[in-house]
Amino acid sequence: YVAGHLVATGQASMLYPTVNDPSLAQSSFNKAAHLLLPDLSDDAIALFGYSPFLAWVLFQPLSKFRPHISLLVWQGLSIVALIFSAFFLSRASKVKSSDIVFFSSLFLPIIATLWSGQLSLVVGLFPLSAGYLLLRRNQPVLAGFIWSFLILKPQFLPVAAFVAFAFALSRRFECIVGITLGIIGIIAANMTVVPVAVSMNWLHSVRLIEFIFSSGSYEIPTHLMTCLPVNLLLALPIESRATFKWFTYSAAALLWLAALWKCKKTAQSNLDESLKLSLILTVGIFLLPLTSPRLLYYDLCLFLPAGVILLGNDRLGS
């Protein structure tokens, strides 16, 4: 809400902390958040870490409402995205869409996403499910293009990239071409809509967030962290994290490469094409919390497609 309001009122330069801010608490965005949201705790530090393109396209219209109405509208859009995701997954499996919606209502990460107004359903689960259906229907370029929108929720993008690279290693490049073209288009749209200075501040904030996670300068919600690399680092003394960070991330990268090599063989096997895709996508989804440097509890709604795949496929389920 705060990001959309700043863009709508011509104050986009306040979206991200700058090199001149003495601390996050003194950043313009945090001050604006406490001004616009009077019920926000005095100890809370507000930070917008997503692409400025989202603030312009998605959040600016929602800022026309009062904060609680804006949140309600966003939650409604998230429910619509969940229903469409269930429809896409049902068309790509033997599971009814009504059953998927019912089971998703029992899955706590989805409840947490809806309750807290996170982005995971709209810019995460929705494009992932749509791309999966298109790939099942042998439209790899269009599937890749849809998957490129996961760059707006970058925690989920490795899953799509993993599937695309697995097929690319078996000389099927259409999906990765679609992802590449889509990302280029999103970057071009971002450069057209967003001022260069704001984009540069965003890139600076990405590095700043990485520093926050590794340095312990600010308290982070460790109870929400569901990614193995960060949990391993958080168990170490603060002064040791920078040293061991690259070992941890390198091990995660090696795990991706090993799985990619295995899934490349799957893509080249004589298995049914739909079974190949289901296997590779499921492997990518299960790898994410083991390797991602940034994955919170509500991001686990990404597991819904894997659950539907396993539920609807007798061979995988056994």
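**Exercise 1.** Does Lys276 count as buried or exposed?

*Solution.* Keep in mind that this is a predicted model.
- Start with the cut-off: a residue is buried when its relative accessible area is under 20%.
- Now look up the value: Lys276 has a relative accessibility of 4%.
- That is under the cut-off, so Lys276 counts as buried.

**Exercise 2.** Find the salt-bridge partner of Lys276, and work out how the two residues sit along their helix.

*Solution.* 
- The side chain of Lys276 meets that of Glu273 in a salt bridge, at 3.0 Å from N to O.
- Both residues belong to helix H14, and because they are three residues apart there, about one helical turn separates them.
- As for the idea behind it, side chains of opposite charge can pair when their charged atoms come close.

**Exercise 3.** How many salt bridges does the structure hold? Describe the one formed by Lys153.

*Solution.* 
- The structure holds three salt bridges.
- Lys153 pairs with Asp299, side chain to side chain, with 2.9 Å from N to O.
- Lys153 and Asp299 are both buried.

**Exercise 4.** At what angle do H9 and helix H13 (residues 238-267) cross, and which residues make the contact?

*Solution.* 
- The axes of H9 and H13 come within 8 Å and cross at roughly 50 degrees.
- Because of that angle, H9 is oblique to H13.
- The crossing of H9 past H13 is right-handed.
- On the H9 side, the contact is made by Pro158, Phe162, Phe165, Ala166 and Phe167; on the H13 side, by Trp256, Ala259, Leu260, Cys263, Lys264 and Ala267.
- Sort these by class and you find 10 nonpolar, no polar and one charged residues.

**Exercise 5.** Now try helix H4 (residues 67-91) and helix H5 (residues 97-104): how do they pack?

*Solution.* 
- Their axes are 8 Å apart, and the angle is about 130 degrees.
- Therefore H4 is oblique to H5.
- H4 passes H5 in a right-handed crossing.
- From H4, Leu82, Ile83, Ala86, Phe87, Leu89 and Ser90 meet Ser97, Ile100, Val101 and Ser104 from H5.
- By class, this contact of H4 with H5 has seven nonpolar, three polar and no charged residues.

**Exercise 6.** Zoom in on Ser104: is this residue buried or exposed, and what is it in contact with?

*Solution.* 
- Ser104 is found in helix H5.
- With a relative accessible area of 1%, Ser104 is buried.
- Leave aside its neighbours within four places in sequence, and Ser104 is in contact with Leu82, Ile110 and Leu304.

Key: Residues are numbered from 1 along each chain as its sequence is written. This is a predicted model: local features need pLDDT of at least 70, side-chain atom pairs count only at pLDDT 80 or more; totals for chains, interfaces and linings use all residues. Side-chain values use heavy atoms; hydrogens and water are left out. Axes are lines fitted to C-alpha atoms, for helices over the stretch in contact, and angles run from 0 to 180 degrees between N-to-C directions. Helices (H or I, at least four residues) and strands (E, at least two) are DSSP runs, numbered from the N terminus. Angles under 35 degrees count as roughly parallel, over 145 as roughly antiparallel, 65 to 115 as roughly perpendicular and the rest as oblique. A crossing is left-handed if the near helix is turned anticlockwise from the far one by less than a right angle, and right-handed if clockwise. Contact means heavy atoms within 4.5 Å. Ala, Val, Leu, Ile, Met, Phe, Trp, Tyr, Cys and Pro count as nonpolar, Asp, Glu, Lys and Arg as charged, and the others, Gly among them, as polar. A salt bridge is a side-chain nitrogen of Lys or Arg within 4 Å of a carboxyl oxygen of Asp or Glu. Buried means under 20% relative accessible area, exposed over 50%, partly exposed in between (1.4 Å probe, protein chains only).
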